[in-house]
Amino acid sequence: MYPIMVDISKRKVVVVGGGKIATRKLQELIRCGAQPTVVAPAVSPEILEWAESGKALLDRRAYKSGDLDNATFIFICTDDPATNKAIRSEIGPHQFLNDTTDRSNSDFINLATLRQDDYLVAVSTYGNDPRKAKQILHEIAEKINPTQA
């Protein structure tokens, strides 16, 4: 894996799914400047709020062929194997997939991050142990600023 930071505000981002995992991914995507498109028949209250405020675009329906057109980053966040397989089959050569259901299908993984106004610290366990990555970040936060950890 090659670590990079990407300006996603200039790219189309599609998140398929509307549950807890999708909500967590969307929160960070929006924080980083994206206006992601969410495709899901049911969504969390947070996703609905982001859509109503214009921070995300929402298609409240099941995934269909063509939903990934012109997208650079695609996030699979559903628990439906058939939908996930359909999404994977449509990924083009210039698209990057993050399959939250099976890391081996992903082109990239997300890092655990600690953000402050003037720095960002990122930790990765290569997707093997996200809890350990968060624990390491917590330990770093305590060292950097013990009163806010």
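Reader: Buried means under 20% relative accessible area, exposed over 50%, and partly exposed in between (1.4 Å probe, protein chains only). With that settled, what covers the faces of strand β1?

Author: A note on the source before that. This is a predicted model, in which local features need pLDDT of at least 70 and side-chain atom pairs count only at pLDDT 80 or more, while totals for chains, interfaces and linings use all residues. Residues are numbered from 1 along each chain as its sequence is written, and side-chain values use heavy atoms, with hydrogens and water left out. As for strand β1 (residues 13-16), Val13 and Val15 lie on one side and Val14 and Val16 on the other, all of them buried. Helices (H or I, at least four residues) and strands (E, at least two) are DSSP runs, numbered from the N terminus.

Reader: Which strand does β1 pair with over four bridges?

Author: That is strand β4 (residues 73-76), in the parallel sense. Two strands pair if DSSP finds at least two bridges between them. Val13 has Phe73 as its bridge partner in β4, and Val15 has Phe75.

Reader: And how many bridges join β1 to β2?

Author: Three, and β1 and β2 (residues 37-39) run parallel. Val15 turns up here too, with Val38 as its bridge partner in β2. Between the two strands the chain passes through α1, and this β-α-β crossover is right-handed. The term right-handed applies if, with the strands pointing away from the viewer, the path from the first strand over the helix to the second runs clockwise.

Reader: Back to β4. Which way do its side chains point?

Author: Phe73 and Phe75 point one way and Ile74 and Ile76 the other, and all are buried. β4 is also joined to β5 by four bridges, and the two run parallel. One of the partners there is Asp99 in β5, bridged to Ile76. From β4 the chain goes through α3 to reach β5, again as a right-handed β-α-β crossover.

Reader: How many aromatic pairs are there?

Author: Three, where rings of Phe, Tyr and Trp (its six-membered ring) pair if their centres lie within 6.5 Å; planes under 30 degrees apart count as stacked, over 60 as edge-to-face and the rest as tilted. Phe73 and Phe108 have ring centres 5.7 Å apart and planes at 85°, so that pair is edge-to-face. Phe73 lies in strand β4 and Phe108 in the loop between β5 (96-99) and β6, so the pair ties together parts that are 35 residues apart in sequence.

Reader: Are those two buried or exposed?

Author: Both Phe73 and Phe108 are buried. Ring pairs also link Phe73, Phe75, Phe96 and Phe108 into a cluster.

Reader: Now charges. How many salt bridges does the count come to?

Author: Six, a salt bridge being a side-chain nitrogen of Lys or Arg within 4 Å of a carboxyl oxygen of Asp or Glu. One of them pairs Lys10 with Asp7, the closest N and O atoms being 3.7 Å apart. Lys10 is exposed, at 66% relative accessibility, and Asp7 is partly exposed, at 38%.

Reader: What about Glu28, which residue does it bridge at 3.7 Å?

Author: Arg31. Glu28 and Arg31 both sit in helix α1 (residues 20-31), three residues apart, about one turn of the helix. Arg31 is exposed at 54% relative accessibility, whereas Glu28 is partly exposed at 26%.

Reader: How far apart are the closest atoms of Arg115 and Glu28?

Author: The closest N and O atoms of that salt bridge are 2.7 Å apart. Arg115 lies in strand β6 (residues 112-116) and Glu28 in helix α1, so the pair ties together parts that are 87 residues apart in sequence. Shared partners join Glu28, Arg31 and Arg115 into one network.

Reader: Last topic. Where does Thr125 lie?

Author: Thr125 is in the loop between β7 (119-123) and α4 (130-144). With a relative accessible area of 16%, Thr125 is buried.

Reader: What does the side chain of Thr125 reach?

Author: The backbone nitrogen of Asp129, at 2.9 Å. That is a polar contact: a pair of N or O atoms within 3.5 Å, where within protein one must be able to donate a hydrogen and the other to accept it, and residues adjacent in sequence count only if both atoms are side-chain atoms.
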